[in-house]
Amino acid sequence: MIRRVLFLALTALVALVFFYISRFWNFRWWDRDGLFGIEALRPQGGLLARWLRGTDAAPFELLIWVVALFLSLTLLQKIFDLLTPQPKDDDHD
């Protein structure tokens, strides 16, 4: 049970990080100097668009974000499956 709660918390944290990186973040929870004083982590979010600005990949920012989120959550599911034993089937029909 504790393992499941930890994995759910980890998944929620990953989802929050991706939400912050996306263009959909609209909260301003820290100063303009950036999170922990790191200027690249500005409070407005939208980091992926900022990082891709001026590159050939800039028009595909949303697609890159969705693919990265899908791959990260798939990886988390694989790790969860490896670390969680499957219940034994005791049905001997």
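**Helix H3 in its setting**

Author: Read from the N terminus, the elements of the protein chain follow the order α-α-α, and the count is accordingly 3 helices and 0 strands. The model is a predicted one, and its pLDDT averages 78 over the protein chain, with 80% of the residues scoring at least 70. Confidence is highest in H3, at a mean of 85, and lowest in helix H2 (residues 47–52), at 80, and H3 is the part taken up here.

Helix H3 covers residues 61–83. With its 23 residues, H3 reaches 33 Å from the first C-alpha to the last, which is close to the 33 Å expected at 1.5 Å a residue.

One side of the account concerns the residues of H3 that are covered. Glu61, Trp65, Leu69, Leu76 and Phe80 are buried in this helix, and the buried residues of H3 pack against helix H1 (2–21) and against H2. An α-helix has 3.6 residues a turn, so residues three or four places apart point the same way.

Glu61 deserves a separate word. This residue, found in helix H3, counts as buried because its relative accessible area is 7%, which is under the 20% cut-off. Once its neighbours within four places in sequence are left aside, Glu61 is in contact with Arg23, Leu48, Ala49 and Leu52.

The other side of the account concerns the surface. Leu63, which also lies in helix H3, is exposed because its relative accessible area is 53%, and the cut-off for that class is over 50%. Leu63 takes part in a nonpolar surface patch of about 590 Å², whose other members are Phe60, Ile64, Val67, Phe70 and Leu71.

Of the 93 residues of the protein chain, 23% count as buried, and the chain exposes about 7,600 Å², of which carbon and sulfur atoms supply 66%. Among the contacts between residues at least 6 apart in sequence, 44% join residues that are at least 24 apart.

Conventions
Residues numbered from 1 in each chain as written. Predicted model: local features only at pLDDT ≥ 70, side-chain atom pairs only at ≥ 80, totals over all residues. Heavy atoms only, no water. Patch = residues over 30% accessible without salt bridge, like charges linked within 9 Å, V, L, I, M, F, W, Y side chains within 5 Å. Areas by Shrake-Rupley, 256 points an atom, 1.4 Å probe, with all protein chains shown as cover. Salt bridge = Lys/Arg side-chain N within 4 Å of Asp/Glu carboxyl O. Helix = DSSP H or I, 4+ residues; strand = E, 2+ residues; numbered from the N terminus. Buried < 20%, exposed > 50% of the residue type's maximum accessible area, 1.4 Å probe, protein only. pLDDT = per-residue confidence, 0-100. Expected span 1.5 Å × (residues − 1). Contact = heavy atoms within 4.5 Å.
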